[in-house]
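Please open the model in your viewer and keep the sequence panel at hand. The stops below are meant to be selected one after another.

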Amino acid sequence: MPRSVSFLAILPLSLCSLASATPQDGAQVVPPPQSVTTTLPFEEPDFMVSERVPHTRPGRVETMEEVMRREALRVDKDFVNPRARNGRQGSWRVPGIRRNYSPHSGKHYLFNKWGDTRMGIGFQEAVKVEGAYVAGHGPMGGSFAKSLQAIGYLNGVEVGRSQVHPEVGMDHTWFAIDLDAVDRIEIVAGAAYGGAGWYALDDLAFTSSRTGRREVLDFEDLTYEDVITGSGYAGLTWETGTGVFDDEIDPIYMTPPLNLNGTTGTGNGPGLGSGSGSGSGSGSGWGAGQAGGGTYSGNGTLPVLLKKFQGPKLGDPGAGYVPPDTCGSVGINHFVAVVNMNISIYEKATGTRVFNSSLQSFFGVGGSAGDPRVVFDPDSQRFIVLATDFNNDIFLAVSSTSDPTGSWFKTSFNPAQGGDAGKWPDYPTLGVDARWIMTASYMVGSGSRMTLFAIEKAPLVATTQSMGVISAFRNLSWEGAIQPCVHLDDVGVAYAVSWRTSNQFRIRTLNPPATAPTLASNYIPVSKSWSSPPSAPVLGSPNLDTLDGRLMNAVFQGGSVWTTHSVKVNNRAACRFYEFDVATMTEAQLGTVRDTVNQSLYYFNPSIAVNSKGHAVLGGTSCDSSQYAGAFYTGRLASDPLGEMAEPVEYKPGQAAYNQGSSAQRWGDYSLTSVDPTDDTIWTMQEFARTGNVWGNNIAQFDFVPDCSSNITRYCDPSSLGTQIDVDTCSLGAGAVIFTYSGGTPGQFGYLLVGSGSGVITNPPGASGDLCLGGAAIGRYTADLGVIDAGGFLTTDVINGNTGGGSGQLPGTLGGSLTAGSTWNWQYWARHTGVPSTFSDAISVTFTN
């Protein structure tokens, strides 16, 4: 982030003294970014020798189990979310599939929403309440209810109290209530933090005082995310909570990214000299360069969206800050996402989140771990995570293998040494090549400039991991952000890119040896100058901050450095991308992604990735005064005209207004797009405005595949349940052919069906709807049976799955394999709420090479 916002007053940050303002909710907010005016600053030498950084911090290898043990002890201050709660009281609910922590029996239980400490249950007649199994609800013990006690009532009069139950932990224990002849109980929880304490309640047992009939409610006839309060479930009255919350917890808004003279800013000029081009400059920036429009006219090729799933959101463990500083990278089998201050790991095949922790617990620190970055290194096949405490630590973690759910080596180093003594790092970036892990920061303090650190990689990825030699290049010119490349090719040196002026960029070349590198600068004029983008209007909210035009990320692929940033075009924010040829140190192409259709949308916070074929995907945020903030994507084939990308498409629309401050609200401050090391597809993680006045992130995968619209015919809609089948491609050469079932019931299971022809069998035994396949036999992908995810989706890869041995083999009842020119009919069968099972609609697909 440049510096973030504490959404829930998590642990205080070591910040410099900041002026404050008061937004509508009473949060402490730093002033909006200011313009910077200056004379020509110090210019760094074109060639530099590195300085070795002393490193005495110990390193350690630890498992994720150790992280979760720390997380269980952390006070979950961000779980208490007064802004999201917005004055509402608690309710009895069934947790969703991704927060289903503590069932005692089966898979469902109830919990007290918002951690409300006074929750009531009414009975139709007098009963004896025996008790229930209880445990803490949530990802960590710091938010668990400290104790439980039940108060019994009859005809509105208190008639007794249970013993205090002190054992609310990770494991279920029996809560002996033992209240006889009561028609209502109120469960009172001891608050853990902010007047709230969470617990799970399962297998509630009670006996009618009149009939002697005993009942045990195990809640297995409910579904994920059911709201029980007010439902009359099981003939009982499930009440709204009446607990008193302590909402006097003010968010602390951390500073935006800082500029040359240590002030915050948007609308800052981009460089040091004057520029040329059409359009007008922005604000009173210290560079007078103006933004031209580039060559873009929407004539690139749009990639195909293969899948998308929910990423981290405000309120996840540690994720209590604004903005999120969105960053995520794809690896062999997983996608790792980091935001302020959370780390989440997902199975990339299913989108299932398999790890979710605060970054404080991940790094084992008690203060801040902000401005996080993550990349996957294709050379060593390791994940790398970096963050800072905004004081004298940059934290570094490198996975021990390609599996991020296993062990990690973790350490930190002090960047504030030598010429940076007494300063602190802001907006650290992250890149990697075959020799170094690289990060660059603006070192804030007297005489502030930028510093690039090159960390010897070999010891960090060895079998026995240890910290490598740290080399520093200090007192570099302030150029917004220096972005070291994620190198997908090795050419013996490493590259980092920044803008130098509004019409000139700088590429720094890092030369070996790894333990004593040198740095050389090359200057590249660009064909269109630029200026900082204006803040973006958005539906229902104050404008969003689009930052100051600093570069967002950089990749090196196929002999070129690619980078992108936000610029001003036609008085709106747009995204500009660049390709620089490092052999000639010249601009290979420049393009500007802007709204040429409605001429109203603002595009900003972009990131870009380029695969081995030279195809590119760019993702970012889009909004205007009539549209909530959503996530968009665009792209180009290597063969498309230079400077062209496709007309952008919003792949995750914003859901609601977003009010997290005043004037230019903090958003971003960055995002990341990355290349899949297994199949050359491209992934992005982008921020969007979620319902509930919170930010969320959505993770998406893209590929460039043939247009199969004429090869796919949809037919036979057999039910009114809205379930549907889709396929991502008809090309057998794409490496994967993935069918998707949508509209299903989360937690239920299903599988794919295939036949050589069509037909209709109405309501086959045990199913609701029509089986619409025919031919000599119907094949079932039972070896790829799967569980429907929280979004109602189920996917099946018919090339790489388990059925028939993979490699496109058809189920055994059919024999053979998928071939170019063959036509097959497809349909999903699945369990579904309200009916025994159901079918999706059907599609006929003719396959190509």
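The tour goes to a sheet and then to a single residue.

This is a predicted model, in which local features need pLDDT of at least 70 and side-chain atom pairs count only at pLDDT 80 or more, while totals for chains, interfaces and linings use all residues. Residues are numbered from 1 along each chain as its sequence is written, and side-chain values use heavy atoms, with hydrogens and water left out.

Begin by selecting the open sheet of four strands, which runs in the order β16-β17-β18-β19 with antiparallel pairing; strands are DSSP runs of E with at least two residues, helices are runs of H or I with at least four, and two strands pair if DSSP finds at least two bridges between them. Because β16 (327-330) and β19 (353-358) each have a single partner strand, they stand at the edges, and one side of each is left without a neighbour in the sheet. From one strand to the next, the twist averages 10 degrees, an angle that runs from 0 to 180 degrees between N-to-C directions of axes fitted to C-alpha atoms.

Now select helix α1 (residues 64-73), which packs on this sheet, touching β18 (342-347) and β19, with its direction at about 50 degrees to that of β19; contact means heavy atoms within 4.5 Å.
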